[in-house]
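Subject: Structure for you to look at

Hi,

Here is the structure I promised to pass on. Please open it next to this email and follow along.

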Amino acid sequence: MNKKHDLKSIFINSWFMFIVTYCLLQLNSQLLTIFISQDFYLDITWFFSHLNFNPALTAPYVPMDTKISLTMAGPIVSLLAGLGFLFLYLLVKTRLLWVSFLLLWGFIHAFNNFFGVLGMSAFAETPILVASQLFNIGWFTKTIFATAGLYLLFLIGKNTGHALLIKNGDYLTSNRKDRLHFMTAGIFLPMITGSVLLLALDLYDKQLHYLPFVTIILLVLPAFFRFIDQLPVNPEEKNNNYQIHWGIIFLSIIFVALYFYLTKNGIQI
């Protein structure tokens, strides 16, 4: 077996699925928010990385239920999507590398979109902070929620690392050095390179949303450092199909490019 080729395939498939799942979840949240906004007769300009509301949600005459619905719809749906992705990741047995990483990054991004927002609510302007201000929630309560969110991110990441190693379960994770290489190619480098690309698209869009790429570190680093541990079981070789699925990658490039191109200058809704 060509270990370098296998690690290269893992990295490429994981990198593209990191980007695709981020865009899919972002698109889902945006479309849901746009759909809800129609009930409140708000005009929206849809950009790649954000939505502009007219009137702005900070306007004093915008009703409270409108503000809460439009700010919390995305995080709550992301939490539900994350549970779905996680269920499928643990349940589905597949030799297709892109499917495995699609489900993996799906629940990582989805949980980050909820628990990351919760964890940063005491430090930055997040949807949960906006909602909490409407109910005059104090700083002590915000700090408790933020601490819980950050801890849950760490805990999810720790267990994600375990699940990833067990699900792979073949010669690439048989010793500590191999596990280091596998986790680097499968989760650490895709996070770094994928985040840089998405941040570059955000900068082009003149609206930098850096928080998701900060909080995701609390998920990925605990997962990455599980390479130090021995596997809890001695898995059988699974003969995974370490191929670069060029057809899926080509479709992924088209999807992200089309999504960005159509929304980069704003779509009036």
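One definition to start: a residue is buried under 20% relative accessible area, exposed over 50%, and partly exposed in between, using a 1.4 Å probe and protein chains only. Next, the ground rules. This is a predicted model, where local features need pLDDT of at least 70, side-chain atom pairs count only at pLDDT 80 or more, and totals for chains, interfaces and linings use all residues. Residues are numbered from 1 along each chain as its sequence is written, and side-chain values use heavy atoms, with hydrogens and water left out.

The overall picture

The chain has nine helices and three strands. Helices (H or I, at least four residues) and strands (E, at least two) are DSSP runs, numbered from the N terminus. In order from the N terminus, the elements read α-β-β-α-α-α-α-α-α-α-α-β. The chain has 269 residues, and 50% of them count as buried. Its accessible surface is about 13500 Å², with 69% belonging to carbon and sulfur atoms. Accessible areas come from the Shrake-Rupley method with a 1.4 Å probe; for residues, only the protein chains shown count as cover. Now take contacts, meaning heavy atoms within 4.5 Å. Among those between residues at least 6 apart in sequence, 76% join residues at least 24 apart.

Helix 1

Helix 1 covers residues 3-37. The expected span of a helix is 1.5 Å times one less than its number of residues. For the 35 residues here that gives 51 Å, and the end C-alpha atoms are 51 Å apart, so the two agree. Asn 2 caps the N-terminal end: one of its side-chain oxygens lies 3.3 Å from the backbone nitrogen of Lys 4.

Further along helix 1 is Ser 14. Ser 14 is buried, at 0% relative accessible area. Its side chain makes a polar contact with the side chain of Trp 105, at 2.8 Å. A polar contact is a pair of N or O atoms within 3.5 Å; within protein, one must be able to donate a hydrogen and the other to accept it, and residues adjacent in sequence count only if both atoms are side-chain atoms. Beyond four places in sequence, Ser 14 also touches residues including Phe 101, Ala 185 and Pro 190.

The salt bridge

How many salt bridges does the structure hold? One. The term means a side-chain nitrogen of Lys or Arg within 4 Å of a carboxyl oxygen of Asp or Glu. Here the side chains of Asp 178 and Lys 3 meet, at 3.0 Å from N to O. Asp 178 is in helix 6 (residues 176-204) and Lys 3 in helix 1, so the pair ties together parts 175 residues apart in sequence. Asp 178 is buried, at 8% relative accessibility. Lys 3 is partly exposed, at 32%.

His 109

Find His 109 in helix 3 (residues 97-119). Is His 109 buried or exposed? Buried, at 2% relative accessibility. A polar atom of its side chain lies 3.0 Å from the backbone oxygen of Phe 18. Not counting residues up to four places away in sequence, His 109 touches Phe 18, Thr 21, Tyr 22, Leu 25 and Ile 216.

Helix 9

Last stop: helix 9 (residues 246-263), which holds Ile 254. Ile 254 is partly exposed, at 39% relative accessibility.

Happy exploring.
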